[in-house]
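Let's take a walk through this structure together, one residue at a time. Have a look at it first, then read on.

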Amino acid sequence: MGQPPKPGASASDPEPYTIHVPQSRLDTLKQKLALSSFPDELEDSKWDLGVPLKEMKRLKEKWESGFEWRTVEERLNGYPNFWTRIGTERGEGLGVHFLHQRSRKEGAVPLLFVHG
C-alpha cells in the first residue's frame with residue numbers, strides 16, 4: 001500500500017496508493033453517530049439555514065445502518081489510485097490523492113475531479 005509523502009516534502013512522482021480507513025476510525029464514527037442529538041428546526045426554513053433536520057436524520061440513519069464503508073473502499077480501490085505531492089509557492093508541497101483512468105475514446109478531453 002502506498003503511503004502519502006511526509007508533510008514538508010517537495011513535489012514527487014505519483015505513487016500507487018490504496019485507500020484504507022483504520023477500523024478504529026470507523027468505530028469512532030459509529031460511536032459519534034450513536035451519541036448525536038438534533039436541535040429543533042425553525043418552521044419553513046428549508047435549506048436557507050443549512051441542511052433540513054429531516055434530511056440530516058435520514059443521512060444519520062443511512063450512515064448508522066445502511067452504509068458499508070468497506071464495500072465502498074473496495075470499489076474505490078478497484079480503480080488506479082495514486083498519491084503525489086505538488087509544489088506550491090511556499091515550497092511545502094500539497095499532498096494530492098487522485099485516480100488515473102484513461103478514456104477508451106481516442107482524443108477524449110481529460111477530466112480532473114478534485115476533493116479536499
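Met56 is partly exposed, since its relative accessible area is 33% (partly exposed sits between buried, under 20%, and exposed, over 50%, using a 1.4 Å probe and protein chains only). You'll find Met56 in helix 2, where a helix is a DSSP run of H or I with at least four residues, numbered from the N terminus. This is a predicted model, so local features need pLDDT of at least 70 and side-chain atom pairs pLDDT 80 or more, while totals for chains, interfaces and linings use all residues. Residues are numbered from 1 along each chain as its sequence is written, and side-chain values use heavy atoms, leaving out hydrogens and water.

What does Met56 touch, leaving aside its neighbours within four places in sequence? Met56 is in contact with Phe38 and Val51, contact being heavy atoms within 4.5 Å. Phe38 is 18 residues away from Met56 in sequence, yet their C-alpha atoms are 8.8 Å apart in space.

Those residues also belong to a nonpolar surface patch of about 620 Å², made by Leu29, Phe38, Trp47, Val51, Met56, Leu59 and Trp63. Patch members have over 30% relative accessible area and no salt bridge; nonpolar side chains (Val, Leu, Ile, Met, Phe, Trp, Tyr) are joined within 5 Å, and like charges within 9 Å. A salt bridge would be a side-chain nitrogen of Lys or Arg within 4 Å of a carboxyl oxygen of Asp or Glu. Helix 2 (residues 53-66) gives the patch its largest share, three residues.

Now for the loop between helix 1 (23-35) and helix 2, which holds Trp47. Trp47 is exposed, at 56% relative accessible area. Ser45 lies in that loop too, but counts as buried at 9%.

Note on methods:
Areas by Shrake-Rupley, 256 points an atom, 1.4 Å probe, with all protein chains shown as cover. Helix = DSSP H or I, 4+ residues; strand = E, 2+ residues; numbered from the N terminus.
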